[in-house]
Amino acid sequence: MKTVVVGGDGRAHVLAHVLARTSDVVATPGNPGIASIATCVATPPEEIDGDLFVISAEAPLVDGLADRLRAQGKRVFGPGADGARLEGSKIWMKEFFAAIGIPTARHGAFDDADEAIEFLKTLPGGYVVKTDGLAAGKGVFVTRSIDEAVADVVDKLAGTTFGDAGRRIVIEEEMTGPELSILAVCDGTRVVPLTPAQDFKRIGDGDTGPNTGGMGAYSPVPVAGKDIVDQVLTTILEPTVVELCRRGIDYRGVLYAGLMLTPEGPKMVEYNVRFGDPEAQVVLTRFDGDLAAFLAEAADGELLTEPRFTDTAAVTVVLAGEGYPASSVPGEVITGIDEAEQVPGVTVFHAATAWADGALVTAGGRVLDVTATGSTIGEARRRAYEAVARIGFRGMQFRSDIAGERTGVSS
């Protein structure tokens with residue numbers, strides 16, 4: 001089977017890495033890391049022949065790439081633009097939740113600053129302000145200060161921070177409890193959850209600083225046993241697919257449920273419509289089977305295979321550039337990747353790298369995803385940080401507490 005991965009980020013690299021176990025992979029545009037295991041081309045996906053197309057990121061899905069490829073008769077894993085609205089518009093997503101009673105935070109949608117500020121004043125403390133549109137995982141502001149929340153509302157609605165993506169916003173009451181990510185594969189009528197993961201959104205240790213696209217993740221998650229996964233499946237994922245079908249939306253791709261395990265039970269934070277990043281790195285590396293065949297079943301509308309995962313644990317530590325998430329400094333020379341991959345169980349996935357004058361350099365905010373497997377979370381964590389210590393580039397930043405004490409597992 002020839003599988004075409006559309007994308008060039010860390011998620012695309014791990015997809016290519018796992019798909020290449022059983023299929024011939026072509027990536028467009030790919031990245032330097034993917035080029036070591038697959039063929040990278042600059043050709044638009046509409047002009048490539050392949051047996052399966054896997055779309056990595058959210059923006060092309062929202063833009064209707066899956067629809068255009070399907071119109072050419074191609075087999076595609078990824079929702080059409082109608083289903084991608086679950087991520088493309090947080091307001092539409094929240095209205096969808098309300099229509100079928102999916103548990104989520106108290107919230108309101110606004111395009112007027114005065115109305116938004118009045119709603120903020122009704123919340124008991126703990127404020128979440130989100131762009132309605134796509135913001136590369138950085139459009140969420142969380143604070144316990146109403147003054148900071150008001151300032152963020154004003155900046156977003158004025159278009160100062162996120163342009164048109166922020167001119168409509170969602171304000172939520174902050175939820176408490178452990179975070180959980182469940183990636184599920186859907187074939188249009190059936191949805192199958194994969195093994196859970198937990199990610200770390202804030203830039204700094206101890207969950208401090210601004211939100212990012214994700215600074216690390218681990219899997220499995222001790223607090224999320226089969227009972228939790230089954231509850232999410234029956235109360236959130238399956239009702240979602242039923243409602244999508246009722247609305248005439250044939251959803252074939254990933255439903256990524258971002259959840260909070262609150263004292264009242266699992267509640268939805270948001271949906272994403274593609275594999276999580278960096279959750280994909282820890283989930284897919286543990287996939288035990290033919291991923292290409294599994295995703296092809298979903299694309300064909302007939303999931304038959306039950307996904308299996310190894311008994312190992314996986315931990316990913318994201319290495320980000322100076323200034324991230326507010327900005328990034330491209331062109332910094334990267335060293336030590338080969339040495340890092342000498343650590344047992346370690347693979348370094350490229351998220352934003354490029355070649356310049358014969359050297360591998362940084363090319364974005366989140367640069368590398370250092371991923372390690374081990375017999376336990378503790379072992380995987382030790383291997384990941386041993387590998388991190390061998391890598392360097394100017395301004396490199398990372399969290400030192402990924403899969404630490406909050407996992408509930410001793411090291």
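**Legends: Arg274 and its surroundings**

**View 1. Arg274 and the residues it touches.** Leaving aside residues up to four places away in sequence, Arg274 is in contact with Arg11, Ser56, Ala57, Glu58, Leu61, Glu87, Val254 and Tyr256. The model shown is a predicted one. Arg274 lies in the loop that runs between strand β17 (265-272) and helix α9 (279-284). Its relative accessible area is 10%, and Arg274 is therefore classed as buried, the limit being under 20%.

**View 2. The polar contact of Arg274.** The side chains of Arg274 and Glu58 are joined by a polar contact of 3.1 Å. Glu58 is also one of the residues that Arg274 touches.

**View 3. Helix α4 and its packing.** Helix α4 comprises residues 81-88, and among its buried residues are Gly83, Ala84, Leu86 and Glu87. The buried residues of α4 pack against the helices α2 (58-62), α5 (90-100) and α8 (226-246), and against the strands β16 (252-262) and β17.

**View 4. Arg274 and Ala380 within the chain.** Arg274 and Ala380 are 106 residues apart along the chain, and their C-alpha atoms are separated by 25 Å. The protein chain that holds both residues has 12 helices and 22 strands. Along its principal axes, the C-alpha trace spans about 55 × 45 × 40 Å. A compact globule of 411 residues would have a radius of gyration near 22 Å, so the 20 Å of this chain agrees with that expectation. Of the 411 residues, 56% count as buried.

Conventions: Residues are numbered from 1 along each chain as its sequence is written. This is a predicted model: local features need pLDDT of at least 70, side-chain atom pairs count only at pLDDT 80 or more; totals for chains, interfaces and linings use all residues. Side-chain values use heavy atoms; hydrogens and water are left out. Helices (H or I, at least four residues) and strands (E, at least two) are DSSP runs, numbered from the N terminus. Buried means under 20% relative accessible area, exposed over 50%, partly exposed in between (1.4 Å probe, protein chains only). Contact means heavy atoms within 4.5 Å. A polar contact is a pair of N or O atoms within 3.5 Å; within protein, one must be able to donate a hydrogen and the other to accept it, and residues adjacent in sequence count only if both atoms are side-chain atoms. The radius of gyration is taken over C-alpha atoms; the globule rule is 2.2 Å times the number of residues to the power 0.38.
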